[in-house]
Amino acid sequence: MDSYSAQREKRRDDDDSRAGEKAERIMALSRECWVTEATPHLWVAMFKMLKDRDAVNVFELSNPEGRKALLEHLARVDN
């Protein structure tokens, strides 16, 4: 039983670590297209986008102009 609990805890820690790394990567890419805390509606859209795996994949593959367009779209849709 202990090994099962330890495995679950390690898996949870690994998932948390990957989520943190993804958030850092997306935040860095957002800053490349001038989306920062100074543009709160786009900054919040970026955090909401993290829940959508497909949107994150498109975001990572896009150029800075495409990334900003995606965040602008998400900011409009969510409001």
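Leaving aside its neighbours within four places in sequence, which residues is serine 30 in contact with? Let us start there and then look at the whole chain.

## A serine on the inside

Leaving out neighbours within four places in sequence, serine 30 is in contact with Val35, Trp43, Met46, Phe59 and Leu71. Contact here means heavy atoms within 4.5 Å. Serine 30 sits in helix H1 and is buried, with a relative accessible area of 0%. The words for cover work like this: buried is under 20% relative accessible area, exposed is over 50%, and partly exposed is in between, using a 1.4 Å probe and protein chains only.

## About the model

This is a predicted model, in which local features need pLDDT of at least 70 and side-chain atom pairs count only at pLDDT 80 or more, while totals for chains, interfaces and linings use all residues. Residues are numbered from 1 along each chain as its sequence is written, and side-chain values use heavy atoms, with hydrogens and water left out.

## The overall picture

Helices (H or I, at least four residues) and strands (E, at least two) are DSSP runs, numbered from the N terminus.

How does the chain fill space? Its C-alpha atoms occupy a box of roughly 50 × 25 × 25 Å along the principal axes. The radius of gyration is 16 Å, whereas a compact globule of 79 residues would have one near 12 Å. That radius is taken over C-alpha atoms, and the globule rule is 2.2 Å times the number of residues to the power 0.38. Of the 79 residues, 28% count as buried. Among contacts between residues at least 6 apart in sequence, 56% join residues at least 24 apart.

Helix H1 covers residues 2-32, and arginine 8 lies in it. Arginine 8 is partly exposed, with a relative accessible area of 40%. Between arginine 8 and methionine 46 there are 38 residues in sequence and 29 Å in space, C-alpha to C-alpha. Alanine 6 is also found in helix H1, and with a relative accessible area of 46% it is partly exposed. The C-alpha atoms of alanine 6 and leucine 74 are separated by 39 Å, and the two residues are 68 apart along the chain.

In the loop between H1 and H2 you will find tryptophan 34. Tryptophan 34 counts as exposed, at 69% relative accessibility. Its phi is positive, about 65°, although tryptophan 34 is not a glycine. For background, most residues other than glycine have a negative phi.

Helix H2 spans residues 40-49, and its residues Leu42, Trp43, Ala45, Met46 and Met49 are buried. They cover an arc of only 160° around the axis, which puts them on the same side of H2. The arc is that of the directions from the helix axis to the C-beta atoms.

In helix H3, residues 53-61, the buried residues are Ala55, Val56 and Phe59. Seen down the axis of H3, these fall within an arc of 100°, so they line one face of the helix. The face of H3 turned away from that buried side carries the exposed residues Arg53, Asp54 and Leu61.
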